[in-house]
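This note sets out several points on the chain-to-chain contacts of the model shown below.

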Amino acid sequence: MSEYRFYRQRVYHFLRSASVGTGQVMFQENALSGLVFIIGIFWGAFESGRPEIALGALAGVISANIAGMMMNRDHADGHSGLWGFNGLLIGCALPVFLVGNWQMWIALVLIAMLSVRVRTALDNVMSSWGLGSLTIPFVLLTWIVLSASHSMAALAPVGSHTVNAGFPLDLSLPALATYWLRGISQVFLIESPVTGALFVIGLALCSLRAALWAMVGSAVAIVTALCFGADPNGIAAGVYGFSPVLTAVALGSAFRQSAGISVLLTLAAIVVTVFVQAGMDAVLAPLGIPALTAPFCVTTWLFLLMSVRTR
Amino acid sequence: MSEYRFYRQRVYHFLRSASVGTGQVMFQENALSGLVFIIGIFWGAFESGRPEIALGALAGVISANIAGMMMNRDHADGHSGLWGFNGLLIGCALPVFLVGNWQMWIALVLIAMLSVRVRTALDNVMSSWGLGSLTIPFVLLTWIVLSASHSMAALAPVGSHTVNAGFPLDLSLPALATYWLRGISQVFLIESPVTGALFVIGLALCSLRAALWAMVGSAVAIVTALCFGADPNGIAAGVYGFSPVLTAVALGSAFRQSAGISVLLTLAAIVVTVFVQAGMDAVLAPLGIPALTAPFCVTTWLFLLMSVRTR
Amino acid sequence: MSEYRFYRQRVYHFLRSASVGTGQVMFQENALSGLVFIIGIFWGAFESGRPEIALGALAGVISANIAGMMMNRDHADGHSGLWGFNGLLIGCALPVFLVGNWQMWIALVLIAMLSVRVRTALDNVMSSWGLGSLTIPFVLLTWIVLSASHSMAALAPVGSHTVNAGFPLDLSLPALATYWLRGISQVFLIESPVTGALFVIGLALCSLRAALWAMVGSAVAIVTALCFGADPNGIAAGVYGFSPVLTAVALGSAFRQSAGISVLLTLAAIVVTVFVQAGMDAVLAPLGIPALTAPFCVTTWLFLLMSVRTR
């Protein structure tokens, strides 16, 4: 094999791992889905005037894949996109919450690189109970940096850009459809109905069932949030949607066969995720950290554990 | 068997499970103890002008048993009352803390039903270290709803009804006896010396040792709380008592033989439970959630783990 | 053997266990290192006008060793100093944070005694993942008492004695050297460069590598804290140093061979410890408890888990 072809192949493998890694955020081991997700991230980041989020996403997934190649022996993980998805989420999240100075970018690259082995470490721990680490490496590492930012002057918060929904909340069909698609786009911390639609398309390219459950998850989340009087601005911004969407895709599609969870229990899990999210939002607010996708992880673990038969 | 007898038998089994489930809150697998506990709950709820607590207790234990029959294969658990005790506690707790609108009742029934399989799920996790989940399913599910209530306008807090003990705290023997019995009644979130006495009677019907340890637990808790200057209103209301009472019954009676914990260590565990409770009260206050029986669970787990011989 | 010689021998064994226990705080199973550490503690406690810290250290390590002899069968643990190190740290910490009335001393002796079996209990739990409990028994038991102090009037806080570093922070070489040595002395909650130097000597007596990593850990911690704009008073007081120093000694020396962690990863772990510490400081502040050595435990566990090869 010529040297040129060798490098071309390595670059191809690298880009493929990065794309599949983006797809794995929503459990799709598929480079095409990942590419559509990346297009969605870029659209949403530029639409909201924050291109640094798209840049962060790329930096995160690339750093993680470089670390994976350097530190790991298990290239099957890289091939399946399991190196990159936590790094990609870290790369989306840090620029959303922190000003983009060099310290932020160093922290982003450092924890995105660490996320690869943190995932295998936590997978080993969770496997004691037949569970995987889901997106908790992203959550824990991002919490470390965001909580540290309160003690470290060089890690400065960005002012919040959440939509102001007005009062009373507009409940017309077009408005509801916007909230509904935003709930899906927020999986990557993007607040854009177009991005949400692109994510649904990306899912459908790989699994119609996953796309369907993502749509059901966001819809059930909005209904639950409305029934229990959750913050209207949060509903409009889609922040009650992203964790339930992940729970829905995980339990309704990705782990459906292995866990044997019924449709009724999956719907219950979506509702419980909304409660866990509302609770973590309130409990973590005085500590100055966002819930991220922790409500999805906690609820999905609980329902996966519940699917095990009694001793 | 005639259809009539068949249904009569099912209803009998159902009521028996619900009663035993009430008994299991204090580790008594005994329908008679459970019935006396239920009488105590009704007395205390009506005495304090809050019948919704008694109604919640019934709704919780019934929902949990229905879910157990629907979802579980292991009817031995139901027979032993293990389906119902977390649901019963959820049913006592939610009306104590939240206004009784339809959203509260839906949340109550939903998490009471889930508590059955959450218990088996967490039992599976804890069994890695030879432990059971105790009342932690009740604690976690109630925490989810109570923390969510801060973000959800439809889940509104009830104003606190705790006794005002006056200053200085009345330390006459009759007053101390009242605090002491309230410490026992607070196991079911009831603040009534009569209910406390009924709970002691219910325990004694099944196990004299359990009744004795409940009394010792509440007494040691009051002495510890007084020595270390804990909040007088809390002492008078019995809120320093319920977790130590459960620790005392668990380590001194229920797990005594299997764990082989000495009387001295059980007394130490009661004192430590008071510290854990005082600490969790302070730490959880800014997060807006009560400690519930978490101090009992944490301390009992710790002392059960300690009873294992060194590696 | 005459009775005199028998008691002389027991006293000798007791003192040896206590000294080795002091050494074990920094992973040195060596009575001489422990003695130098104790001299350092006394120097720092008296230098800062707080002899009760030295007294607490002695009370803690002695209580723990008495409990070890009474409660444990495994005298090899005592011989290795594993009974005492958590008790010693408890004995240093409580007088730093709480006024020295009789309730504080009773709480100190009680939890120092319990720490022996809490260590074996948590070691059993952590061994599921091939980990040890490190100093987490000290952290958890001290958290219980310090959090309880907010609800218990008899456990009163001491006013903080941290140095005021002035603004801007003095970055001359002698000043930096002072902060650097204080970072090492803070392992035992002492704020004194002389004590820091004594700790390095104590380490070097047993392991040059450990002494070197302690020095590297404190230096890297200061550089990280400066780069990310951490609180100047904290940097000057050495409070950003003690957890990274422990991480450095643990990963770079004590567990180096068994875990096979590279120098690069050890340096990364030191940096991550600074972030975890900055984050826990911010998150725990509203809850009113200090991070203690929890950042060291969490980060060291994470990196030890990472050293396990992928599944």
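Do the copies meet through the same surface or through different surfaces? The points below take up this matter, on the understanding that the model is predicted.

1. Surfaces used. The copies meet through different surfaces, because only 10% of the interface residues of chain B are also interface residues in chain C.

2. Relation of the copies. In general, two copies of a chain are related by a rotation about an axis and a shift along it. For chain B and chain C, superposition requires a turn of 120° and a shift of 0.0 Å along the axis, and it leaves an RMSD of 0.0 Å. The two copies are therefore related as by a three-fold rotation axis. Within chain B, the residue that comes closest to this rotation axis is P286(B), whose C-alpha lies at 4.2 Å.

3. Extent of the contact between chain B and chain C. Chain B contributes 29 residues and chain C contributes 31 residues. The area buried between the two chains is about 2,600 Å², and carbon and sulfur atoms account for 72% of it.

4. Elements and composition on the chain B side. Two or more residues each come from α14 (263-284) and α15 (294-307) of chain B on the side that touches chain C. Of these, α14(B) gives the most, with 11 residues. Sorted by class, this side of chain B holds 21 nonpolar, four polar and four charged residues.

5. Extent of the contact between chain A and chain B. Here 29 residues of chain A are in contact with 32 residues of chain B. Chain A and chain B bury about 2,600 Å² between them, with 72% of that area on carbon and sulfur atoms. The count of salt bridges between chain A and chain B is zero, while eight residue pairs are in polar contact, both residues being at pLDDT 80 or more.

6. Elements and composition on the chain A side. On the side of chain A that touches chain B, the elements that give two or more residues are α14 (263-284) and α15 (294-306) of chain A. The largest share, 11 residues, is supplied by α14(A). By class, this side of chain A comprises 21 nonpolar, four polar and four charged residues.

How values were computed. Residues numbered from 1 in each chain as written. Chains lettered and ligands numbered in written order. Predicted model: local features only at pLDDT ≥ 70, side-chain atom pairs only at ≥ 80, totals over all residues. Heavy atoms only, no water. Contact = heavy atoms within 4.5 Å. Buried area = accessible area lost by both parts, 1.4 Å probe. Helix = DSSP H or I, 4+ residues; strand = E, 2+ residues; numbered from the N terminus. Nonpolar A, V, L, I, M, F, W, Y, C, P; charged D, E, K, R; others polar. Least-squares fit on C-alpha atoms with pLDDT ≥ 70 in both. Salt bridge = Lys/Arg side-chain N within 4 Å of Asp/Glu carboxyl O. Polar contact = N/O pair within 3.5 Å; in protein donor to acceptor, adjacent residues only side chain to side chain.
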